[in-house]
Amino acid sequence: MRILLVEDEPEMVSALRAALRRHDMVVDHAASLLEADGFVAADSYDIILLDRQLPDGDGLTLVPRLRKTRNTTPVLMLTARGDTADKVDGLDMGADDYLAKPFAFEELLARLRALLRRPQAIETQTIRAGHLSLDVGHREVSIRGEPLALPRRELLVLEALMRRTGRMVQREALMEAVFGLDDEIQSNALDTHVSRLRHKLTDADGGVVINGIRGVGYLLREIT
């Protein structure tokens, strides 16, 4: 699951990112509406976690802008405003769910799973590049319809790269996508996973190649 977290409270951001990553979720963070606009213009997400009180305005104003561009990404509002009127306003403006702070992380997970089961979320779960198809919801990779078995971390590397096909993904972003904060990571661990993945994709004729930029990151591009 790939999530955009739009939240400006550092402690909340740190806690949510750590908890979500422990559940194999890839988290991008925006601290303002302006940053959120940039993220949604550049990438696709399975769910947006959106705080209402942001430095440059009410987070809720992002929702109608998304819907006007036919962006149907489910939006879960996170807010300290818990009264009924605020919830109604949020839902009426296009948000999909509403969770008042403070909340239990288990409830947040349950709501995320429920949103992903909705039809508009299911439609966004397949990513394609070259001859590859990645079913994010079921964590399955296929090449020309034939399944390709990958270990968990190689799958996470592939997902992060496929979501930005043709663009460089920084090492830091890949590390965050693949490893949890509590993992003991060797200095060459990421490079090892990328190398193994690269060979498997080449051997299976995946129609893509992974290029490395030393010390900076990796990019996956389609072979033409």
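Predicted model: local features only at pLDDT ≥ 70, side-chain atom pairs only at ≥ 80, totals over all residues.
1. Start with H7 (residues 152-162) and H9 (residues 189-203). Their axes come within 9 Å of each other, with a crossing angle of roughly 80 degrees. That puts H7 roughly perpendicular to H9, because angles of 65 to 115 degrees fall in that class.

2. Who makes the contact? On the H7 side the residues are Arg 153, Glu 154, Val 157 and Leu 158. H9 brings Leu 190, His 193, Val 194, Arg 196, Leu 197, Lys 200 and Leu 201.

3. If you are colouring by class, the charged ones include Arg 153 and Glu 154 on H7, plus Arg 196 and Lys 200 on H9.

4. Now for the inside: how many cavities of 30 Å³ or more are there? The count comes to one. The largest cavity holds about 30 Å³ of space.

5. To find the largest cavity on screen, select its lining: Arg 21, Asp 24, Met 25, Arg 152, Leu 156, Glu 176, Ala 177, Val 178 and Phe 179. By class this lining has five nonpolar and four charged residues, with no polar ones.

6. Which helix gives the most to that lining? H8 does, with three residues. Both H7 and H8 (171-178) supply at least two lining residues each, so H7 turns up in both parts of this note: it lines the largest cavity and also crosses H9.

Technical notes: Residues numbered from 1 in each chain as written. Heavy atoms only, no water. Axes fitted to C-alpha atoms, helices over the stretch in contact; angles between N-to-C directions. Helix = DSSP H or I, 4+ residues; strand = E, 2+ residues; numbered from the N terminus. Parallel < 35°, antiparallel > 145°, perpendicular 65-115°, else oblique. Contact = heavy atoms within 4.5 Å. 1 Å grid on protein atoms, 1.4 Å probe; cavity = no way out; pocket = protein on both sides within 12 Å on 5 of 7 lines; lining within 4 Å. Points joined across faces, edges and corners; volume = space filled by probe spheres on them.
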